[in-house]
Amino acid sequence: SDSYLQKITYYLNKYLKGYGKLDPLIKNPSVSEIICSSYNDIQVNYNGELSKTDISFESNEELDNLLLNLAEKNKKELSEKNPQLSINFMGLKIEAFYNPIMGSRFTIRKQ
């Protein structure tokens, strides 16, 4: 149906073009920094104050997939042999460390 097709299009855009679960944080002008210490620990700098969010990834694998997609979009290599990612992308400074065994982490700063 048309509504089903619209839903699929929405989620494809959100996850392939956007930042998935992080989209609301990235689009919020009051959020200047997003800090992810583990798949279930995401904090934001909101109007100068650091706050824990209720947003989390389901697993380390979901977090790793986000980082791998960001690297691929920016034609960067990200692997266990090359675990550090540093990119400037659409007004964002993204620093990430990829570790599928111990858990990945990242920081996104708005420029």
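Is Glu95 buried, partly exposed or exposed, and at what relative accessibility? In the predicted model described here, Glu95 has a relative accessibility of 31% and therefore counts as partly exposed, where buried means under 20% relative accessible area, exposed over 50% and partly exposed in between (1.4 Å probe, protein chains only). The model is predicted, so that local features need pLDDT of at least 70 and side-chain atom pairs count only at pLDDT 80 or more, whereas totals for chains, interfaces and linings use all residues. Residues are numbered from 1 along each chain as its sequence is written, and side-chain values use heavy atoms, with hydrogens and water left out.

The side chain of Glu95 meets that of Lys93 in a salt bridge, at 3.0 Å from N to O. A salt bridge is defined here as a side-chain nitrogen of Lys or Arg within 4 Å of a carboxyl oxygen of Asp or Glu. Lys93 is partly exposed, because its relative accessibility is 23%. By this rule, the count is five salt bridges.

Another of these pairs is Lys21 with Glu62, whose closest N and O atoms are 3.3 Å apart. This pair links distant parts of the chain, 41 residues apart: Lys21 is in the loop between helix H1 (2-17) and helix H2 (23-27), and Glu62 is in helix H3 (residues 60-73). Helices (H or I, at least four residues) and strands (E, at least two) are DSSP runs, numbered from the N terminus. Glu62 counts as partly exposed, with a relative accessibility of 23%.

A salt bridge also forms between Lys52 and Asp41, with the closest N and O atoms 3.3 Å apart. Here Lys52 in strand E3 (residues 49-52) and Asp41 in strand E2 (residues 41-46) are eleven residues apart, and the pair links distant parts of the chain. Lys52 counts as exposed, at 54% relative accessibility.

Helix H3 has 14 residues and reaches 20 Å from its first C-alpha to its last, close to the expected 20 Å at 1.5 Å a residue; the expected span is 1.5 Å times one less than the number of residues. In H3, Leu63, Asp64, Leu66, Leu67, Leu70 and Ala71 are buried. Seen down the axis of H3, the buried residues fall within an arc of 155°, so they line one face of the helix; the arc is that of the directions from the helix axis to the C-beta atoms. The buried residues of H3 pack against strand E1 (31-38), E4, strand E5 (92-97) and strand E6 (105-110), contact meaning heavy atoms within 4.5 Å. The face turned away from the buried side of H3 carries the exposed residues Glu61 and Glu72. Glu61 has a relative accessibility of 57%, and its C-alpha is 9.1 Å from that of Ser104, 43 residues apart in sequence. Just after H3, Lys75 takes a positive phi of about 55°.

One aromatic pair is counted, under the rule that rings of Phe, Tyr and Trp (its six-membered ring) pair if their centres lie within 6.5 Å, with planes under 30 degrees apart stacked, over 60 edge-to-face and the rest tilted. The ring centres of Tyr19 and Phe89 are 6.5 Å apart and their planes lie at 70°, so the pair is edge-to-face. Because Tyr19 lies in the loop between H1 and H2 and Phe89 in strand E4 (residues 84-89), the pair ties together parts 70 residues apart in sequence. Tyr19 and Phe89 are both buried.
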